[in-house]
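Hello,

Here is the structure I promised to pass on. My notes on it follow below.

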Amino acid sequence: MGCSRWVCLVFVLHLFYQGLVASNGFSDIPRELLDFAKKSEVFDWMVGVRRKIHENPELGYEEFETSKLIRAELDKMGVKYKYPVAVTGVLGFIGTGEPPFVAIRADMDALPIQELVEWQHKSKIPGKMHGCGHDAHVTMLLGAAKILQEHREELKGTVVLVFQPAEEGGGGAKKILEEGVLDNVKAIFGLHVEPHLSIGKVASRSGPLLAGSGFFEATISGKGGHAAIPQHSIDPILAASNVIVSLQHLVSREADPLDSQAYFPASNLFICFSLGFPSIVVTVAKFQGGGAFNVIPDSVTIGGTFRAFSKESFMKLKQRIREVIKGQAAVQRCSATIDFLDKDKPFFPATVNAEALHDYFRIVARDMLGIDNVNNMNPLMGSEDFSFYQEVMPGYFFFLGMQNETLAKLESVHSPYFQVNEDILPYGAALHASLALRYLLEFQPKVSLPEQNHHDEL
């Protein structure tokens, strides 16, 4: 009974806090900002910006034209900015120019994919495509800039607009932090489009949201020869095959099956069950070796990704990957070299949302979208370099639905058939702006978050 009473008390206090925030005059802000973002002139402008970016995709640290477009739009708004940051990144500033500082972030880079969607604004760059929605992310942050610039006199501090390069494996967030340009930011918010969630809905959670991730590449060397006399060769393909099977055993036989989540996209909901699926992943997605049907090659190269939700599990998994590759190669009389590619593709930490920001996000999203459209979700095995920000400051990351149930089903991110439902643009812009504006107006002075280094300027 005692435990039940405490649960009830916490629940009542939670409802009281939500009601207090809703009654303080700020609850109308998100809906008003969404109405502004839906104005035809604002929406049409965002659509035009997004299509320009989509036509000219650029890979990580190559986003020079994208950056140029961002700066041109900020110039038109009269928004001050710093450039370059982390090679191609841009930091915009709206408000007083003084503390407190709160940041909202968008990633700018595209993917090395050939777009297979035939439409008027298809990628003009062969082999490159905005197949993950970053063109929409940039556009929504620019939309938030337009909204906030209209309300700059109301800001009790400064909103930092983070246009970040190289999220797709390049660790652009890490490079931005290393330059020290966000040292005094009190909190940061980020979003990602979600094709399996209905438009007008959002989903996230407190605590671990996305896994930490790393990459590996291994070359397994043997002795080549004719396929008709394999006894005179040392077959690296056989060795590599055994390596791949053994790597899967790390998941099925070494991970704790009680520490688990499984994710299933179902129409407009995130449905998560605990079914004994381990909370680590090892995927071999690259296998290269040989060029003839009757020749055993000298070597084979395999590569892939590994993921886990805790740093301890991640480092243990890394060590076991090294041991398995070398050990299984040796069993087949081969040798192996392993590269974890961390110089060009830094390890991503797990994406962990601050609990206080989760409660705050739900309040803002509820006021804009209605509580029925604010979904809790279990962790996913995907990764995001937004996690680097969360290692040094409170951060919150969420998913923004864009599926229209009356239209064709959208393809998943990283598909050559991926498309963005442009009706999402006002929602993302208004959520970005609302989270930043209300944070400075009401949340930041009231809620104590972990202390950061304090300066008089950013």
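Strand 5 (residues 185-198) runs parallel to strand 18 (residues 395-403), and the two are paired over 8 bridges. This is a predicted model. Within that pairing, glutamate 194 of the chain sits opposite glycine 401, which belongs to strand 18. In general, strands of a sheet pair through backbone hydrogen bonds, either parallel or antiparallel.

Both strands belong to an open sheet of 8 strands, ordered 1-2-4-3-5-18-6-17, and the pairing in the sheet is mixed. At the edges are strand 1 (80-85) and strand 17 (374-376), each of which pairs on one side only. From one strand to the next, the twist averages 25°.

Two helices are worth looking at alongside the sheet. Helix 4 (residues 64-77) lies across strand 1, strand 2 (89-95) and strand 4 (158-164), and its direction is at about 165° to strand 1. Helix 5 (residues 134-150) also packs on the sheet, where it touches strand 2, strand 3 (101-107), strand 4, strand 5 and strand 18. The direction of helix 5 makes about 150° with that of strand 3.

One surface feature involves edge strand 1. Tyrosine 83 lies in this strand, and together with Phe64 and Val87 it forms a nonpolar patch on the surface. The accessible area of the three residues together is about 250 Å². Is tyrosine 83 buried, exposed or partly exposed? Its relative accessibility is 30%, so tyrosine 83 counts as partly exposed, a class that runs between the cut-offs of 20% and 50%.

Regards

Key: Residues are numbered from 1 along each chain as its sequence is written. This is a predicted model: local features need pLDDT of at least 70, side-chain atom pairs count only at pLDDT 80 or more; totals for chains, interfaces and linings use all residues. Side-chain values use heavy atoms; hydrogens and water are left out. Two strands pair if DSSP finds at least two bridges between them. Helices (H or I, at least four residues) and strands (E, at least two) are DSSP runs, numbered from the N terminus. Axes are lines fitted to C-alpha atoms, for helices over the stretch in contact, and angles run from 0 to 180 degrees between N-to-C directions. Contact means heavy atoms within 4.5 Å. Patches are made of residues with over 30% relative accessible area and no salt bridge: like charges are joined within 9 Å, nonpolar side chains (Val, Leu, Ile, Met, Phe, Trp, Tyr) within 5 Å. Accessible areas come from the Shrake-Rupley method with a 1.4 Å probe; for residues, only the protein chains shown count as cover. A salt bridge is a side-chain nitrogen of Lys or Arg within 4 Å of a carboxyl oxygen of Asp or Glu. Buried means under 20% relative accessible area, exposed over 50%, partly exposed in between (1.4 Å probe, protein chains only).
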